[in-house]
Amino acid sequence: MKLWSRDMVEEASIRAQARIYGRLDEIKAHVPDDSGLDQVEPFMAPLVTVSAFDLGQDRLASFSAYRFLYERLLGAGARPWLPGAFCAAASLPHLHPEKRRLLLQSISEAAATAVGWSNREPTFYPEWVEKVDLSKAN
């Protein structure tokens, strides 16, 4: 906590995120391999909960940001389920109505109605990564 949080509020936020993200292994284990509804509940219910937490943190401002993060957290198999989870989480009343409107408007019709999804695992190669002086972090 000392390395990543700058104050008590950030420390509490990181602790909450660690608790919520503890469910990611469970979610990854339940990624449905087809569209059978019998596999949806054990996957979507916790995914919507984790997604709602993330959207409530005000750090993901659009579906594209959400998709970028969650494809990397859960893998390519979760990709077809992300629009539904995003829309469900973005519709929940814990978000301010204006925030809900902005989030829901950020998902394109193409993303919401895609016929198929790539099963290629996501990759990301940054152009530049700032060096961090760890001696100054303490």
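**View 1. Ser62 in the loop between helix 3 and helix 4.** In this predicted model, Ser62 sits in the loop that joins helix 3 (41–56) and helix 4 (63–74). Ser62 counts as buried because its relative accessibility is 17%, under the 20% cut-off. Its side chain makes a polar contact with the side chain of Ser64, at 3.0 Å. Leaving out residues up to four places away in sequence, Ser62 touches Phe86, Leu103 and Ser106.

**View 2. The largest nonpolar core.** This core holds 31 residues. Leu47, Leu55, Tyr66, Tyr70, Leu74 and Phe86 touch the most other members. Helix 1, helix 2 (24–29), helix 3, helix 4 and helix 5 (82–90) each give two or more residues to this core. Helix 3 gives the most, with eight residues. Phe86 is also one of the residues that Ser62 touches.

**View 3. Contacts of Leu47.** Neighbours within four places in sequence are set aside here. Leu47 is then in contact with Ile27, Tyr66, Tyr70, Leu74, Leu82 and Ala85. Tyr66, Tyr70 and Leu74 are, like Leu47, among the core residues that touch the most other members.

**View 4. The largest pocket.** The space in this pocket is about 260 Å³. Its lining comprises 13 residues. Ser13, Gln17, Asp54, Gln57 and Arg59 lie nearest the pocket centre. Helix 1 (8–21) and helix 3 each supply at least two lining residues. Helix 1 gives the most, with five. By class, the lining has six nonpolar, three polar and four charged residues.

Conventions
Residues numbered from 1 in each chain as written. Predicted model: local features only at pLDDT ≥ 70, side-chain atom pairs only at ≥ 80, totals over all residues. Heavy atoms only, no water. Helix = DSSP H or I, 4+ residues; strand = E, 2+ residues; numbered from the N terminus. Buried < 20%, exposed > 50% of the residue type's maximum accessible area, 1.4 Å probe, protein only. Polar contact = N/O pair within 3.5 Å; in protein donor to acceptor, adjacent residues only side chain to side chain. Contact = heavy atoms within 4.5 Å. 1 Å grid on protein atoms, 1.4 Å probe; cavity = no way out; pocket = protein on both sides within 12 Å on 5 of 7 lines; lining within 4 Å. Points joined across faces, edges and corners; volume = space filled by probe spheres on them. Nonpolar A, V, L, I, M, F, W, Y, C, P; charged D, E, K, R; others polar. Core = buried A, V, L, I, M, F, W, Y, C linked by side-chain atoms within 4.5 Å.
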